[in-house]
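Have the sequence and the 3D view handy.

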Amino acid sequence: MSSLPLRATPDFRAVMLAVIGDAPPSRGDFASDLLAALAQRPRAIAPKHFYDAAGSALFERICELPEYYPTRTELALLRRHAREMAECIGADAEIVEFGAGSSRKVRLLLDALRTPRRFVPIDISAEHLHEAAARLRADYPALEVLPLAADFTRRLTLPPAAGSRVGFFPGSSIGNFDPDDALAFLRAAAAVLDRGLLIGVDLVKDPARLHAAYNDAAGVTAAFNLNLLARANRELGADFDLAAFDHYAYYDPRRQRIEMHLVSRRAQTVRLCGQAFGFDAGESLHTENSYKYTVEQFHALAREAGYRPGAVWVDDERLFSVHWLAL
Ligand SMILES: C[S@@+](CC[C@H](N)C(=O)[O-])C[C@H]1O[C@@H](n2cnc3c(N)ncnc32)[C@H](O)[C@@H]1O
């Protein structure tokens, strides 16, 4: 395994994409981040901690919800335009997917690509990643599949490339970064990629549509959000009472982002790793942001990060976009 060069920039703050092998984030990372989140005001924790095996399974259920348009819409764009996307990517590519999850979307690309050399799915949720990689190997026996259980916001070591390296970052996970961190991530990705990045970005739209997507009638998004506390109870011996917290998600049009919170229903004390943390009634733990962009705003961000925005594919309802960003 070799370290890849990092392009350091003044904006290179929280996000440091560059190096690791197959080193899944430890339980200690979750414990220290949650302790730090509970000790600060306002309380906030990175959304990467949603994704243990149970969180990944809940996310798969979210993808099937009628209200959750992003997965359906992005899949339809990939299905309809896979050939054009494959033209942008070119032959003999190594595809590195950031936050690969079930690796469902990449199949549409793999089917359209000429002689893909290797697929490197990176995900923080190790069990889910390795199961998806095994299914992919069975379905694409000629393809080398090299999963890396790692946190892509940390130093990341990639093995020597097997072809021209191209990034794939679907699911609008870029929206989970604040704009400064999104810029830093895109710059760090550029430093390890050769030809460019194919990236899915959720678009600014009617707030009611956004509200429904993050407040589904079946309560799956609420269960996904609450899984953070269930995970703390399972892994860290915390004593969160899940019935004493509400899922709360809303769209802030000024910041162009969905905010997701867990709000305490009453005054209560929670114990974690030998420490006690008080919650007032109505006090929140901020668990996720999901920024929405216009095509023009995202192009400006990509240019600032050193890419040349190329083709962009958008559905007829203008819900979602997939961008080719060339290097
Ligand atoms: C919103 S889901 C998207 C999954 C899939 N790419 C898709 O488009 O359906 C985010 C995925 O990224 C992974 N993930 C989140 N934060 C991560 C991080 N910091 N490092 C690595 N993987 C991460 C999660 O485990 C999850 O599989």
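## Helix α5, end to end

Keep in mind that this is a predicted model.

Which residues of α5 are buried? They are His128, Leu129, Ala132, Ala133 and Leu136. Looking down the axis of α5, you'll find these buried residues within an arc of 130°, so they line one face of the helix. Here's the background: an α-helix has 3.6 residues a turn, so residues three or four places apart point the same way.

As for the buried residues, what covers them includes the helices α2 (53-63) and α4 (104-112). The strands β3 (118-123), β4 (144-145) and β5 (148-149) are also among the elements covering them.

## Around the ligand

There are 18 residues around the ligand, and those that come nearest are Gly99, Lys105, Asp123, Asp151 and Phe152.

Now for the polar pairs. The side chain of Lys105 has an N or O atom 2.7 Å from an oxygen atom of the ligand. Asp151 places a polar side-chain atom 2.8 Å from a ligand nitrogen atom, while Phe152 uses a polar backbone atom, 2.8 Å from a nitrogen atom of the ligand. On its own the ligand has 590 Å² of accessible area, and the protein covers 92% of that.

Note on methods:
Residues numbered from 1 in each chain as written. Predicted model: local features only at pLDDT ≥ 70, side-chain atom pairs only at ≥ 80, totals over all residues. Heavy atoms only, no water. Buried < 20%, exposed > 50% of the residue type's maximum accessible area, 1.4 Å probe, protein only. Helix = DSSP H or I, 4+ residues; strand = E, 2+ residues; numbered from the N terminus. Arc of directions from axis to C-beta. Contact = heavy atoms within 4.5 Å. Near = heavy atom within 4 Å. Polar contact = N/O pair within 3.5 Å; in protein donor to acceptor, adjacent residues only side chain to side chain. Areas by Shrake-Rupley, 256 points an atom, 1.4 Å probe, with all protein chains shown as cover.
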